[in-house]
Amino acid sequence: MTVATSVLFAIGYLWVAEGVVASPAPSPASVALAKPTGVTVNDFFFHKSKVTIKHGGTVKWTWVGMTTHNVTFRSLHKHSRDQVTGTYSLRFAKPGVYHYLCTIHGFTGTVVVRK
Ligand SMILES: [Cu+2]
């Protein structure tokens with residue numbers, strides 16, 4: 001074997017070995033955890049008005065009505081903008097029962113976060 005072929009063999013080997021180490025497939029569990037739970041913001045209600053998620057999970061609200069609304073968690077000091085379209089996402093690290101409302105119209109929703 002010449003020096004040139006030895007080098008080519010070495011490069012080929014490293015390329016294959018790195019490919020195996022560098023791109024592990026994502027586990028199904030991590031993919032499932034990453035998917036947010038969807039709630040729609042309607043005129044004039046949240047649907048579903050109560051959702052249950054696991055701690056560390058995310059809820060994503062999507063505005064689907066014709067009127068300006070917001071998602072406001074007074075207990076968490078977190079809120080969306082007043083908006084007619086678009087989305088708002090919030091991640092819940094701690095278990096608990098979280099009530100929220102649209103402060104413009106007063107309709108309410110609940111996020112239950114399990115352990
Ligand atoms: Cu509203």
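Here are a few notes on this predicted model.

1. Ground rules. Residue numbers start from 1 along each chain as its sequence is written. Since the model is predicted, local features need pLDDT of at least 70 and side-chain atom pairs count only at pLDDT 80 or more, while totals for chains, interfaces and linings use all residues.

2. Layout. The protein has two helices and nine strands, running α-α-β-β-β-β-β-β-β-β-β from the N terminus. Helices (H or I, at least four residues) and strands (E, at least two) are DSSP runs, numbered from the N terminus.

3. Burial and contacts. Of the 115 residues, 13% are buried (20 or more other C-beta atoms within 10 Å of the residue's own; exposed is 12 or fewer, partly exposed in between, with C-beta atoms placed from the backbone). Take the contacts between residues at least 6 apart in sequence: 46% join residues at least 24 apart. A contact here means C-beta atoms, placed from the backbone, within 7 Å.

4. The core. Ten residues form the largest nonpolar core: V39, V41, F46, V59, W61, W63, V71, F92, Y100 and V111. β1 and β4 (57-63) are the elements that give two or more residues to this core, and β4 gives the most, with three. Such a core is a set of buried Ala, Val, Leu, Ile, Met, Phe, Trp, Tyr and Cys residues joined through C-beta atoms within 7 Å.

5. V59. Skipping neighbours within four places in sequence, V59 contacts P36, T37, V39, V51, I53, S89, L90 and V111.

6. D43. Look in the loop between β1 (37-42) and β2 (45-47). D43 is partly exposed because 13 other C-beta atoms lie within 10 Å. Leaving out residues up to four places away, D43 touches G65, M66 and T67. D43 and F107 are 64 residues apart in sequence, yet 9.6 Å apart in space, C-alpha to C-alpha.

Conventions: Two residues are in contact if their C-beta atoms, placed from the backbone, lie within 7 Å.
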